Amino acid sequence: MQWFDGLVQGVLLGGLYAQYALGMALMFGVMRIVNVTHGDLMILLALVGISMAARFGLGPWSVLVILVALGAAIGLVLQRVILNRVVGSDPLPSLIATFGLSIALQNAMLEIWSADTRSLDGGAIAQASFQVGPMFVGVLPVIVLVTATVLTGGLDTAVRYTRFGRALRAAAADVDAAAMTGINPKSVYAAATAIAVAILGFAAVFQSVRATVSPADGPFQLIYAFEAVIIGGMGSIWGAFLGAMVLGVSQSVGFRINPGFGVLAGHLVFLIVLAVRPQGILGKE
Amino acid sequence: MVKEASIGAPLDVSEPAPRVQRQTLSGMIAMGISLCVLVVISSMPWWADQGLIRSVVEISCYVAVAQMWNLLAGYSGLVSVGQQAFIGVAAYAMFVLAQLWGLNPFLAVLLCLVAPAVLAVPTYGLLHRLDGPYFAIGTWVVAEVMRLATSTFGYVNAGAGMSLRVMTSYSAEQRAIGVSLLTALMLLVTVGGSFLLLRSRYGLALVALRDSPVAAASQGVNVGRMRFLVWISAAIGTGFAGAIYFMAHLRITPPAAYDPKWANVAIFIVMVGGLGSLEGVLIGTLIYFFADRWFGQFGAAYLVVLGLLTLFMALFARGGVWGLICRVVDAPWFPTRRKLLEDQP
């Protein structure tokens with residue numbers, strides 16, 4: 001029973017990780033760059049949301065709307081000002097640029113919000129739970145999982161069937177050829193980054209209602225997102241979702257074996273996947 | 001026709017061996033200064049106070065770690081943000097050898113280098129499947145795994161860390177002599193070794209690899225093997241710095257040993273000093289060290305500036321400070337180029 005509970009909690013935790021991983025999968029799939037500030041941006045959005053909720057007395061749902069919009073705006077600016085200059089075949093400049101920005105962001109947040117852990121008051125919903133057989137399942141984690149599933153489905157459909165999705169896939173396959181057929185790669189890149197950071201707006205609200213955030217948490221969220229993308233298979237949207245589930249279950253089960261082993265178990269599963277199936281669960285050979 | 005000509009040419013004309021200039025005046029001066037610096041560092045116990053020795057050891061460790069990162073990122077295209085894995089594993093191995101197994105600690109600093117080499121093999125085996133930036137974050141995961149695993153490993157006192165109590169059996173002077181000599185040796189191996197490597201045929205292969213892995217492979221460079229060898233060497237060099245650093249500190253804990261700060265420092269030094277040059281590492285280290293001393297008191301605000309400076313360098317000045325200097329004067333300290341001299345008739 002304890003293990004089944006671990007499995008259920010792990011899937012619910014995976015819902016949160018999926019929200020981190022989707023944006024990363026999208027950005028890597030299109031631009032072949034890893035944005036090292038991915039986790040820090042999520043923390044930044046969360047801290048802004050917490051401060052706004054405290055200042056203006058907003059509920060979690062209004063904060064969510066604001067953060068998603070703010071995330072999209074940050075994504076656009078990030079793309080225009082920094083990423084467009086470093087996107088290219090050489091991965092070093094983009095990695096170093098976002099790495100430097102990540103250090104700057106973390107310490108700027110430390111300066112503004114101090115190292116305290118904070119959380120967002122989610123009202124009654126944060127504690128509500130319902131009973132399934134002998135188990136109690138939280139309402140909030142289920143909302144998180146459903147949101148993650150809807151976001152994944154929506155993003156996957158958008159990439160497959162819309163005009164924007166076709167432009168995105170064309171740019172990912174060959175930027176120059178895509179530009180010849182009338183696609184503007186810079187706007188495609190900007191849209192991809194805006195969507196990726198906007199999704200972090202969801203993650204920011206759920207993370208800060210569910211648990212706590214502090215300025216130094218970003219790198220850990222980055223690593224979880226990264227592991228989910230690799231476990232699931234690079235370039236696949238549903239793969240990132242599945243990878244997040246695997247990671248969530250590994251951590252949750254590991255935590256039940258020994259509280260010090262939870263996060264480590266996730267890392268170890270990642271390394272095992274890398275050893276036996278480097279292309280990921282849904283990746284093609 | 002073409003075939004005949006190419007075979008015939010060496011027979012008909014006895015070509016003089018091409019004359020190649022390898023050394024420059026600036027290079028010879030810098031070589032002399034470097035040797036003096038090594039002698040000065042080795043002789044520190046006889047004239048310097050504890051504080052100065054500590055600072056010099058710290059600077060030297062930064063030089064070594066940054067130079068190893070430079071070899072990876074600047075030449076072989078392997079960007080790592082998890083070099084602290086090798087720092088920590090070597091330092092812990094040294095503490096185990098010296099404190100738990102009772103070996104001579106100065107000997108342990110050399111013997112413990114087996115540990116980063118052993119860790120580097122499976123790490124490369126797993127991570128080389130990842131591409132560019134993903135490789136980098138993969139190295140970070142490995143460092144995190146090492147930190148978490150060490151924190152739960154009771155044999156090395158888990159999260160509470162260890163103290164190098166065996167050092168109390170040596171006098172302060174003996175300790176200073178040991179640390180200074182090891183530091184000089186570390187600089188000789190990491191900087192001097194890199195210099196020799198870059199001047200050798202492997203250096204040519206590395207430069208080719210830096211410019212284009214595909215083209216290098218087509219010229220007969222075994223890209224995978226080169227990268228593997230550089231990865232192992234960099235792990236050992238980084239571990240050497242870690243072992244000396246924590247020997248000087250006498251105390252180790254998992255968060256300190258596997259501190260991501262090491263990767264930040266290496267990246268900052270190399271990016272600001274100049275990627276892909278030995279001179280850049282030395283310039284970058286001096287900038288970092290004095291910036292840290294003077295502005296470190298401003299804490300987070302100072303680190304914001306450091307991060308933004310790294311970002312700025314990556315966006316606008318990829319060659320770093322050394323790249324800017326090179327535009328003005330051509331006087332390499334460590335010449336690794338081969339300059340073909342035209343024969344004057």
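Predicted model: local features only at pLDDT ≥ 70, side-chain atom pairs only at ≥ 80, totals over all residues.

Begin by selecting chains A and B together and showing the residues where they touch: the contact takes 36 residues from chain A and 33 residues from chain B. On the side of chain B that touches chain A, the elements giving two or more residues are α7, α13 (261-273) and α15 (300-316) of chain B, and α7(B) gives the most, with 12 residues. If you colour this side of chain B by class, you will find 24 nonpolar, 6 polar and 3 charged residues.

The crossing in which α9(A) passes α7(B) is left-handed. Show the side chains here, and from α9(A) you will see Ile223(A), Phe226(A), Glu227(A) and Ile230(A), which meet Tyr134(B), Ile137(B), Trp140(B), Val141(B) and Glu144(B) of α7(B). By class, this contact of α9(A) with α7(B) has 7 nonpolar and 2 charged residues, and no polar ones.

Finally, move to chain A and select strands β1 (residues 129-132) and β2 (residues 135-138), which pair in the antiparallel sense over 4 bridges. Centre the view on Phe130(A), and opposite this residue, in β2(A), stands Val137(A). Then follow the chain into the turn of the hairpin, where 2 residues lie between the strands and Gly133(A) takes a positive phi near 60°.

Definitions and conventions. Residues numbered from 1 in each chain as written. Chains lettered and ligands numbered in written order. Left-handed = near helix turned anticlockwise from the far one by under 90°. Contact = placed C-beta atoms within 7 Å. Nonpolar A, V, L, I, M, F, W, Y, C, P; charged D, E, K, R; others polar. Pairing = 2+ DSSP bridges.
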